[in-house]
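Here are a few exercises to work through with the model open beside you. Try each one yourself before you read the solution.

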Amino acid sequence: MFGLEALDLARIQFAFTVSFHILFPAITIGLASYLAVLEGLWLRSGNNTYKDLYHFWSKIFAVNFGMGVVSGLVMAYQFGTNWSRFSDFAGAVTGPLLTYEVLTAFFLEAGFLGVMLFGWNRVGRGLHFFATVMVAIGTLISTFWILASNSWMQTPQGYEILDGRVIPVDWFAVVFNPSFPYRLMHMSIAAFVATAFFVGASAAWHLLRGRDNPAVRKMFSMAMWMALVVAPVQAFVGDMHGLNTLEHQPAKIAAIEGHWENHGDEPTPLILFGWPDMEAEKTRFAVEIPYLGSLILTHSLDRQIPALKSFPPEDRPNSTIVFWSFRVMAGLGMLMIFVGLWSVWLRKRQTLYTCKPFLYLTLWMGPSGLIAILAGWFTTEIGRQPWVVYGLMRTADASSNHSVVQMSITLVMFVVVYFSLFGVGLGYMMRLVRKGPVPHVDHGHDGGPGQKRTPARPLSAADDDNDVRFQDSLSKGN
């Protein structure tokens, strides 16, 4: 297929399914915590605006959660189908970590999700708030275990190799490997930032269409406060993560910077833009700032970073891709900080909700957090190459023995099914966003004659006519 080998197709297939999947957990993590904050503020203040926002965003959370679960199941199967040699080699580490995620996080979320979505008129306020908080904690615990597994693949420790297989000997060292704390913080904060801009963009959309009401203003204000506080924190955490990566994966940093060789004792310049050429072993059209690379990457003006030519060609990541994926992530991060600062200036001028240029910018920034997350994952995963477990197992040795035809057929099927199914789901979620928050009316307990029955699945939490038609269409497709 297009001259690609089976290994290339397996990597593309995994990257495609991971990219689709990560969008849903990122929003789920942020929205779960946002819902807990909204309900807590409502209980404390009695302001029904928070309650209206809770009911509005809980519907979107339910749809997003359902799609995240479905897309996540595919990931586990691919380890056994397309990457069986990796599973055989490292399954004693990655298998238990993913099992812990199911036993702790997923069971916690599933156990309280029904109460959170459908228990508003069936349990007391305190218990319902507790359920919402438990779901939010569950999403963070899930992040903990997934990042522990992936971080171990980046910086493995706490193991020994017996008979060609990795055997864990120190689970504390396995979980709390050198890159784990930084990557956990970076991903968790990224989810909050992505959610803030998703919420802010939806509010900006309503404000631009004249739907200026207390609920819309409140969610726009909360989103901008979140952007102001969290985006700079993310930049600080990203800097610490970069220092950690330089220590443990210097080839990745060299590829990110497009830095091919050091000249004497000269400090490393920062290449703002350019085109790393892997064959020519140089970065073409480079726009450099002297000393800045050393200052950012080593926090000094005279220290150098390792250059790509100091690593064998077969051990170098693809600099062309990670050079630009990192700059997409970093560039969007700087723009997010700018949006947060601009919001403060507008807030002081009392024009936060009426400044159309700012509202349009916030609207267009809606997907920026998700794009930055994708770019960040591309950077860290492609930057790990050619290793699937850094320094222990090469990606070429990890894939199953499938033919090009088999991988081509399954890849095409994944593309068609994913765009069809999740395209409908995303479109449906956007329709819910466009409706906007409305005053919520409690209907008392359900289940009596002629009344609504208890919904059976998360998507039923979105309970209008369009929601029913959407659920019926999914049921017919099952």
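**Exercise 1.** Find out whether Glu-381 and Arg-384 are buried or exposed, and how their side chains meet.

*Solution.* Keep in mind that this is a predicted model. Start with the cover: a residue counts as buried when its relative accessible area is under 20%. Both Glu-381 and Arg-384 are buried. Next, look at the side chains, which meet in a salt bridge at 2.9 Å, N to O. Side chains of opposite charge can pair when their charged atoms come close. Across the structure there are 8 salt bridges.

**Exercise 2.** Work out which helices are linked by the salt bridge of Glu-257 and Arg-327, and sort these two residues as buried or exposed.

*Solution.* First, check the contact: the two side chains come together at 3.8 Å, N to O. That counts as a salt bridge because the cut-off is 4 Å. Then place the partners: Glu-257 sits in helix α8 and Arg-327 in helix α10. They are 70 residues apart, so the pair links distant parts of the chain. Finally, apply the under 20% cut-off. Glu-257 has a relative accessible area of 7%, so it is buried. Arg-327 is buried too, because its value is 15%.

**Exercise 3.** Describe the second largest pocket: what is its volume, and which element gives the most to its lining?

*Solution.* The volume comes to about 1200 Å³. Around it are 43 lining residues, and those nearest the centre are His-186, Gly-238, Phe-326, Met-329 and Ala-330. Several elements give two or more residues to the lining, including α6 (180-208), α7 (214-248) and α12 (368-382). Helix α10 gives the most, with 10 residues. By type, the lining has 26 nonpolar, 12 polar and 5 charged residues.

**Exercise 4.** Locate the nonpolar surface patch of about 700 Å² and say which residues make it.

*Solution.* Pick out Leu-272, Phe-273, Trp-275, Phe-285, Val-287, Ile-289 and Trp-324, which make the patch. Strands β3 (270-277) and β4 (282-289) each give two or more of its residues. Trp-324 lies in helix α10, residues 319-348. Its relative accessible area is 31%, so Trp-324 is partly exposed.

Key. Residues are numbered from 1 along each chain as its sequence is written. This is a predicted model: local features need pLDDT of at least 70, side-chain atom pairs count only at pLDDT 80 or more; totals for chains, interfaces and linings use all residues. Side-chain values use heavy atoms; hydrogens and water are left out. Patches are made of residues with over 30% relative accessible area and no salt bridge: like charges are joined within 9 Å, nonpolar side chains (Val, Leu, Ile, Met, Phe, Trp, Tyr) within 5 Å. Accessible areas come from the Shrake-Rupley method with a 1.4 Å probe; for residues, only the protein chains shown count as cover. Helices (H or I, at least four residues) and strands (E, at least two) are DSSP runs, numbered from the N terminus. Buried means under 20% relative accessible area, exposed over 50%, partly exposed in between (1.4 Å probe, protein chains only). On a 1 Å grid over the protein atoms alone, a cavity is a set of points where a 1.4 Å probe fits but cannot get out, and a pocket is an open set with protein on both sides within 12 Å along at least five of seven lines; lining residues have an atom within 4 Å of a point. Grid points are joined across faces, edges and corners, and a volume is the space filled by probe spheres set on the points. Ala, Val, Leu, Ile, Met, Phe, Trp, Tyr, Cys and Pro count as nonpolar, Asp, Glu, Lys and Arg as charged, and the others, Gly among them, as polar.
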